[in-house]
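Q: Hi, I'm new to this one. Can you put it up and walk me through it?

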Amino acid sequence: MKNQKIFPGIILLGFGLYFFLTQNNHVTMFKEYLTWPTLLIIVGIAFLGQGYGGKNAESILPGVILVGFGLHFHISGKLSIWPDHIGVFILIISLGFLLRYQKTGNGLFHGILFLFISIILLFYDEVLKWMGLLENRAASIINFWPFLLIALGLYLLFFKRK
């Protein structure tokens with residue numbers, strides 16, 4: 001029974017603290033962090049608490065995604081080196097699958113697939129420059145890699161493995 005109290009306990013504690021700090025004008029140290037991404041982090045921490053403390057490993061994936069997205073929205077405006085790119089979101093989802101795999105043994109393929117896609121998206125321009133393909137006609141062929149992903153997805157959806 002104790003395991004079922006972790007998620008709502010963290011939610012109530014986190015939201016209570018959040019709303020206390022937003023109403024209290026004397027605490028100015030945290031004002032810049034009292035925004036909607038903080039609420040994502042609070043809910044994500046509740047999921048992670050349920051996943052690790054409550055031994056409900058399926059809660060790890062949404063926990064990592066919510067905490068990661070919340071941190072991303074806080075960090076992206078403050079650190080110039082932090083990439084503000086769709087690849088970051090896919091990388092966070094990949095991390096969620098890999099951490100869930102660590103506990104359950106399920107989701108390794110998904111985690112590696114999302115990790116591969118995020119690396120391609122995050123470092124696409126650098127890889128092409130490094131390979132020297134931007135100067136060649138081969139660069140136009142490289143633009144068709146999304147169709148490869150679509151074909152692979154259709155294959156996985158409609159063709160059964162034996």
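A: Let's start with V67. It lies in helix α3, residues 60-75. Helices are DSSP runs of H or I with at least four residues, strands are runs of E with at least two, and both are numbered from the N terminus.

Q: Before that, what kind of model is this, and how are residues numbered?
A: This is a predicted model: local features need pLDDT of at least 70, side-chain atom pairs count only at pLDDT 80 or more, and totals for chains, interfaces and linings use all residues. Residues are numbered from 1 along each chain as its sequence is written, and side-chain values use heavy atoms, with hydrogens and water left out.

Q: OK, back to V67. Buried or exposed?
A: V67 counts as buried because its relative accessibility is 14%. Buried means under 20% relative accessible area, exposed means over 50%, and partly exposed is in between, with a 1.4 Å probe and protein chains only.

Q: What does V67 touch?
A: Not counting residues up to four places away in sequence, V67 touches L40, I41, G44, I45 and L48. Contact means heavy atoms within 4.5 Å.

Q: How far is V67 from I92?
A: Their C-alpha atoms are separated by 9.1 Å. Along the chain, V67 and I92 are 25 residues apart.

Q: And P62, where is that?
A: P62 lies in helix α3 too. P62 is partly exposed, with a relative accessible area of 27%. Its C-alpha atom is 9.4 Å from that of F97, 35 residues apart along the chain.

Q: Zoom out. How many helices and strands?
A: The chain has 8 helices and 0 strands. From the N terminus on, the order is α-α-α-α-α-α-α-α.

Q: How much of the chain is buried?
A: Buried residues make up 27% of the 162 residues.

Q: What share of contacts is between residues 24 or more positions apart?
A: 55% of the contacts in the chain with a separation of 6 or more.

Q: New topic. How many aromatic pairs are there?
A: A search of the whole structure finds 8. The Y18 and F19 rings have centres 5.1 Å apart and planes at 80°, so that pair is edge-to-face. Rings of Phe, Tyr and Trp (its six-membered ring) pair if their centres lie within 6.5 Å; planes under 30 degrees apart count as stacked, over 60 as edge-to-face and the rest as tilted.

Q: Which residues do ring pairs link into a cluster?
A: W36, F69, F73 and F89.

Q: Now L34. Where does it sit?
A: L34 lies in the loop between α1 and α2. L34 counts as buried, at 16% relative accessibility. Leaving aside neighbours within four places in sequence, L34 is in contact with Y18, L21 and T22. The C-alpha atoms of L34 and Y18 are separated by 7.0 Å.

Q: And T38? What does it touch?
A: Not counting residues up to four places away in sequence, T38 touches Y18, Y33 and H74. T38 is in helix α2, and T38 is buried, with a relative accessible area of 16%.

Q: Last one: what is phi of K55?
A: Near 55°, a positive value in a residue other than glycine. Most residues other than glycine have a negative phi. K55 is found in the loop between α2 and α3, and K55 is exposed, with a relative accessible area of 69%.
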